[in-house]
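Open the model in your viewer and keep the selection tool at hand. Each stop below says what to select and what is there.

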Amino acid sequence: MTTTRGLEGVVATTSAISSIRDDVLTYRGYRIQDLAETATFEEVVYLLWYGELPSVRQLKSFRQALAEHAEVPDEIFEMIKKFPLDIVHPMAVLRTAVSNLGIYDPNAEQMSREANIEKAIRIQAQISTLVAGFARIRKGLSPVSPNRALGYAADFLYMLKGSLPPDAEARMFDKALILHADHELNASTFTARVCVATLSDMYSGITSAIGALKGPLHGGANEQVMNMLTRIGSIEWVEDYVANALEKKKKIMGFGHRVYKNGDPRARILKEMAKKISDHRGDRHYYDMSEKMEKIIREKKGLLPNTDFYSATLYHLLGIDHDLFTPVFAISRTSGWAAHIMEQYNGNRLIRPRAEYNGPKLRRIVPIEQR
Ligand SMILES: CC(=O)SCCNC(=O)CCNC(=O)[C@H](O)C(C)(C)COP(=O)(O)OP(=O)(O)OC[C@H]1O[C@@H](n2cnc3c(N)ncnc32)[C@H](O)[C@@H]1OP(=O)(O)O
Ligand SMILES: O=C([O-])CC(=O)C(=O)O
């Protein structure tokens, strides 16, 4: 048996959803740059689930279905109110709450394609309401009811803040959701596929995926980027911080990638948006620190920013609390997880690799009184 640490380079499945080849990322054959420029998040979700971009009529009924399911059962917000909200991490709340959404879905255990599409719509519709509602509850505010006529991205910002976002900001957030929607066999998507390959249900798959996304080597890095920038505090300390981190062989959050070696195409688009909003706001504090950090790390270590690096500055300037950055990632990635779960069910086989044993040799049990 041969083992590969971290399964690097192992091709574990075929998939028709997204592809990364020569640093070009596509969803169903469309370049991510083109989708970010011309589509909305709802169109991209439709594309991921149905394989084609929607017509006007298809998009209308898809948005209608998302709108119909956007309310979260009161029981879930009541449950959240009982959590120790001053200490709990929002990703832990989300993991628990999404699992609970399954409890209130009468068709949670149905496994037909139609039932799974319906579940995917419910989860996608409810997850943004859930994150925004939680964010308000922990501040002692009431959740704001969804208004899906605004569009998915704008509605999230509206539910979060209780006021309509400027169009330009809603569009930037929409683009960010598109950029995070899917990414081939990343750790959380793989987790979702492993889970449902046992023929477990979609809620279990997405709950498992949220658990995997939470970690700082994956989606959790976007919050850690902002924590790092806040700790550094000022552009004049960036160089020292990087030198010290590299000397101590500490991982610098938001840099490096298992697959991209010449740069993450999403990071470039996010960088442009982070710059645009920083200039517009006249607040280049984090953008300038980030740009300096990028330059130094590129020179010293040859590492490039990943999607989590500039999304941190963008989300900060969009007024999103720092510990909600990863839940926001989960809102978007739910679309990719659901697409992969449905693809996995189609022609499923249990995912069960082997481990090369390196523990003690065969031995006899010593009776307990002689140990
Ligand atoms: C949405 C996403 O999930 S994108 C990724 C988000 N995660 C992060 O930003 C966390 C920081 N980055 C990392 O930890 C890594 O780059 C990962 C986890 C993304 C990829 O990891 P791997 O492919 O396993 O690379 P690995 O960790 O083995 O690193 C290879 C080498 O690059 C170095 N390296 C990689 N990333 C970093 C980093 N961010 N900071 C410092 N050094 C790094 C490693 O120390 C190692 O160096 P060495 O060969 O001198 O020992
Ligand atoms: O693909 C990966 O390993 C991580 C990543 O960038 C993502 O999930 O978006």
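**The whole chain**

Keep in mind that this is a predicted model. Show the chain as a cartoon: 16 helices and three strands make it up. Its radius of gyration is 21 Å, close to the 21 Å that the globule rule gives for 371 residues, so the chain is as compact as a globular protein of that length. Turn the view along the principal axes, where the C-alpha trace spans about 70 × 55 × 45 Å. Of the 371 residues, 44% count as buried. Contacts between residues at least 6 apart in sequence can also be sorted by separation: 75% of them join residues at least 24 apart.

**Two domains**

Next, colour the chain by domain. The domain assignment gives domain 1 as 16–166 + 182–216 + 324–345 and domain 2 as 221–317. Their C-alpha centres lie 26 Å apart. Where the domains touch, 12 residues of domain 1 are in contact with 15 residues of domain 2. Which elements give two or more residues to the domain 1 side? Select strand 2 (24–27), helix 1 (32–38) and helix 16 (325–345) to see them. Helix 16 gives the most, with four residues. Sorted by class, this side of domain 1 has nine nonpolar, two polar and one charged residues.

**Helix 2 and Val44**

Now select residues 41–50, which form helix 2. Is this helix enclosed or exposed? Eight of its 10 residues are buried, so helix 2 is largely enclosed by the rest of the structure. The buried residues are Phe41, Glu42, Val44, Val45, Tyr46, Leu47, Leu48 and Trp49.

Within helix 2, pick Val44. Val44 counts as buried because it has 26 C-beta neighbours inside 10 Å, and the cut-off for that class is 20 or more. Leaving aside neighbours within four places in sequence, Val44 is in contact with Tyr27, Leu35, Ala39, Ile178, Ala181 and Ser335. For a distance to check in the viewer, take Val44 and Gln126: they are 82 residues apart in sequence and 17 Å apart in space, C-alpha to C-alpha.

Most residues other than glycine have a negative phi. The next two stops have a positive one.

- Select Arg28, in the loop between strand 2 and strand 3 (30–31). Its phi is near 50 degrees. Arg28 counts as partly exposed because it has 18 C-beta neighbours inside 10 Å.
- Select Glu184, in the loop between helix 8 (167–179) and helix 9 (187–196). The phi of Glu184 is likewise near 50 degrees. Glu184 is partly exposed, with 18 other C-beta atoms within 10 Å.

**The two ligands**

Select ligand 1 and show the residues around it. There are 18 of them, and Ala221, Ile252, Phe255, Gly256 and Arg258 come nearest. The shell around ligand 1 has six nonpolar, eight polar and four charged residues.

Finish at ligand 2. Which residues surround ligand 2? They are His183, Asn186, Arg258, Val259, Asn306 and Thr307. By class, this shell divides into one nonpolar, four polar and one charged.

Definitions and conventions: Residues are numbered from 1 along each chain as its sequence is written. Chains are lettered from A and ligands numbered from 1 in the order in which they are written. This is a predicted model: local features need pLDDT of at least 70, side-chain atom pairs count only at pLDDT 80 or more; totals for chains, interfaces and linings use all residues. A residue is buried if 20 or more other C-beta atoms lie within 10 Å of its own, exposed if 12 or fewer, and partly exposed in between; C-beta atoms are placed from the backbone. Two residues are in contact if their C-beta atoms, placed from the backbone, lie within 7 Å. A residue is near a molecule or strand if its C-beta atom, placed from the backbone, lies within 6 Å of it. Ala, Val, Leu, Ile, Met, Phe, Trp, Tyr, Cys and Pro count as nonpolar, Asp, Glu, Lys and Arg as charged, and the others, Gly among them, as polar. Domain bounds come from an automatic or database domain assignment. The radius of gyration is taken over C-alpha atoms; the globule rule is 2.2 Å times the number of residues to the power 0.38.
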